[in-house]
Amino acid sequence: MYMQIINKTINLPDGRTITIETGKLAKQADGSVVVRMGNTMLLATVVANKEAKEGVDFLPLSVDYQEKFASTGKIPGGFLKRESRLSDYEILISRLVDRAIRPMFPDDYHADIQIMISLISGDEDSLPDSLAALAASSALAVSDIPFNGPISEARVARIEGEWVVNPTKTQKAEADMDLIVAASIDNILMVEGEMKEASEDDMLEAIKIAHDAIKEQCKVQIELEKEAGKTEKREYSHETNDEELQTKMNSELYDKVYAVAAKQIADKSVRSESFSKIKEEFVESLGEDHEYDSTLISKYYKSIQKKACRDLVLNEKKRLDGRKMNEIRPIWSEVDYLPSAHGSSVFTRGETQSLSTVTLGTKLDEQLIDGAMYSGTNKFMLHYNFPGFSTGEVRPNRGPGRREVGHGNLAWRALKDMLPEENPYTIRIVSDILESNGSSSMATVCAGSLALMDAGIQIKAPVSGIAMGMISDGKNHAILSDILGDEDHLGDMDFKVTGTENGITATQMDIKVDGLSYEVLKQALEQAREGRLHILNEMKKTIAAPKADLKPNAPRSVKLTIDKDLIGAVIGPGGKIIQQIQKDTGATVVIEEIDNHGEVSIFAVDQESMDGALSKIKAIVAQPEVGEVYDGVVKSIMPFGAFVEFMPGKDGLLHISEIKWERVEKMDGVMEVGENVKVKLIEVDKKTGKFRLSRKVLLPKPEKKEESATNE
């Protein structure tokens, strides 16, 4: 069978290579490629319907990234033992690709498109998340689907002051900056990542380095497209327009919409009703027998509304709710709102509100992660919930969607490096969004930081977050601080920045405009820094530092280090001893072997339970000392003496000659099993390690009898 296989190679700055192969696998897809770096291989396929569904005026794009467990020689866990719904990690990578690639399709292209990216071979030294968008874009390049690419993504990390593109897993763990950047040859499209309190200049430098690498990857894709003979794309016609209606609506409605926008109505619902009324009156003016398409009316009106609101900002430097460009909406917050939670807060900024809780758990509460590329545990979780009532909508609760997973992950990245290095607890933050009109993810960061401090977790510094927007017509631009939901939709760039007073901890950026200069981006980041610090100052009015102690109902923790050989003694046969300790005291006891020694963590909600468990464990792990006196229990009786448990799990021989000073002929009736007896450890056999006990040395020694009269 003849196959036209094409291979292209991309050279990374450190000498490693990425290869793109097409023509071998999945040839019935519209486009398919295999991207390889090291032993990591991604199969990316793309399929698009020829025609769009009737009435669809958006791009129905789905992006799914999935890791095959066989790619790393693993069998999935769970009952079914097969890949099923996407994990949060896979969803996050799918979102990275979707956000980068979606804006690059033509605005009038509305056919269903499905992009599937599968990890078919995995290598820890070649992380797949930085290759997924390259694979998707390459699959589009070798297809006839209209696409204004190519694009690609690259991870850039700073390790000991040096920049590394697409670092290994080990290198990534040592980085103080970790960004994934998506771009075309000319423009930055998306940025997402985390930093350990980095400066805005450092972030810009990282973006530039990533873009340089992406440019080379895009050039190779252009060559690939030419060699595959796919420079000509399929023709399509997915929109029906009515120029007469569009002209009529623009001439009649633009000024009215602009006038409503210029009123700068602060209330979201009132503003929305005012805009809707203009459209309703226009439809009424057409009469019941009009032949205009209602779908086109809605479409053109949205376009007019967007243009009018954008023009207001650019022409008059006015915002929809009356604020200045850099003005933050009013903020109020409260901690200790929920009496039974380990930590809680309410953070409200304008019409956005988060109720957040912190729950402290033990080692047993850690999240188990079973993935193809990573298996392990996670002791810090942040979950974000966005119910319909937060925006006044009726929406069924179907569990977290991709948006909830993405927003929660951004807040998690913002806070995780601020947790104390020595943290015995499993920590779960839950952010329930109760109101939303502009960046509930940033409200989650603020509320989560407040709740951690309320819980008494000694975070390194409080963290705040701000959502920024930008509107540009190519000549003029306006940067908006703390954007509304409406401003998010009408802008050319929205980005979120979180951080402490010392620097940035996480960021997420989506850019929808061509030709954005680094100077404008730097200005936007500086304005974001000012807004972030303002929000931090408002938060400090509620709580400026972590509380000195945990809540009364939160678990306390004590950690003991014991000899490795004593782990079994604490656990006992079949876990009998440790289970009994937990039953008797109500504490939770967890034992791990770390660095060739045992670590015992005790968690209890009151001091009595803690002291009880601690004393029992100390008694077990205490080392017997010759000369010490112990309270023992007779465990068994032999003809030559009794075996006495003088310490938990430690028995010694009380020989018949050591029971009392008087001669004991036999053990019958001398002692009973279960009898309490005070003994002294008199010897530890150097060869066998066995213990010799004595009772008689603790008894008064009888006086010697007077010599017989015959010796007087």
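Predicted model: local features only at pLDDT ≥ 70, side-chain atom pairs only at ≥ 80, totals over all residues.

Q: Okay, so is Glu160 buried or exposed?
A: Glu160 has a relative accessible area of 78%, so it counts as exposed. You'll find Glu160 in the loop between strand 7 and strand 8 (162–165).

Q: What's up with the phi of Glu160?
A: The phi of Glu160 is positive, about 50 degrees, although the residue is not a glycine. Most residues other than glycine have a negative phi.

Q: Which other residue has a positive phi without being a glycine?
A: Asp595 is one, with a phi of about 50 degrees. Asp595 lies in the loop between strand 23 and strand 24, and it is exposed because its relative accessible area is 69%.

Q: And those two strands, how many bridges join them?
A: Strand 23 and strand 24 run antiparallel, joined by 7 bridges. Glu592 sits opposite Glu599 of strand 24.

Q: What sheet does that belong to, and in what order do the strands come?
A: An open sheet of 3 strands, in the order 22-24-23, with antiparallel pairing. Strand 22 and strand 23 are the edges, each pairing on one side only. On average, neighbouring strands in this sheet are turned by 20 degrees against each other, direction ignored.

Q: Which elements do the buried residues of helix 14 pack against?
A: Strands 22 (556–562), 23 (588–594) and 24 (597–604) are among them. The buried residues of helix 14 also pack against helix 12 (567–571), helix 13 (576–585) and strand 27 (650–655).

Q: Which residues of helix 14 are the buried ones?
A: Ser609, Met610, Ala613, Leu614, Ile617, Ile620 and Val621. Looking down the axis of helix 14, the buried residues fall within an arc of 125 degrees, so they line one face of the helix.

Q: What's on the face turned away from that buried side?
A: The exposed residues Gln607 and Glu608 are carried there.

Q: How far does helix 14 reach, end to end?
A: Helix 14 covers residues 607–621, which is 15 residues, and it reaches 21 Å from its first C-alpha to its last. That is close to the 21 Å expected at 1.5 Å a residue.

Q: What caps its N-terminal end?
A: Asp606 does, with a side-chain oxygen 3.2 Å from the backbone nitrogen of Glu608.

Q: Let's go to Thr40. Buried or exposed?
A: Thr40 counts as buried, because its relative accessibility is 0%. Thr40 is found in strand 4 (residues 40–48).

Q: What does its side chain sit by?
A: A polar atom of the Thr40 side chain lies 3.0 Å from the backbone nitrogen of Asp123. Beyond residues up to four places away in sequence, Thr40 touches Val35, Leu119, Ser121, Gly122, Asp123, Ser126, Pro128 and Leu131.

Q: Ser121 is in that list, so where is Ser121 placed?
A: In strand 6 (residues 113–121). Ser121 has 18% relative accessibility and therefore counts as buried.

Q: And what does Ser121 contact?
A: Leaving aside neighbours within four places in sequence, Ser121 is in contact with Asn39, Thr40, Met41 and Ser71. As for Asn39, its backbone oxygen lies 2.6 Å from a polar atom of the Ser121 side chain.

Q: Last one: which residues of strand 11 are on the covered face?
A: Ile331, Ser333 and Val335 are on the covered face, while Trp332 and Glu334 are on the uncovered one. In a regular strand the side chains alternate between the two faces of the sheet.

Q: What does strand 11 pair with?
A: Strand 12 (residues 343–349), in the antiparallel sense over 5 bridges. Ser333 has Phe347 of strand 12 as its bridge partner.

Notes. Residues numbered from 1 in each chain as written. Heavy atoms only, no water. Helix = DSSP H or I, 4+ residues; strand = E, 2+ residues; numbered from the N terminus. Expected span 1.5 Å × (residues − 1). Buried < 20%, exposed > 50% of the residue type's maximum accessible area, 1.4 Å probe, protein only. Arc of directions from axis to C-beta. Contact = heavy atoms within 4.5 Å. Polar contact = N/O pair within 3.5 Å; in protein donor to acceptor, adjacent residues only side chain to side chain. Pairing = 2+ DSSP bridges. Axes fitted to C-alpha atoms, helices over the stretch in contact; angles between N-to-C directions.
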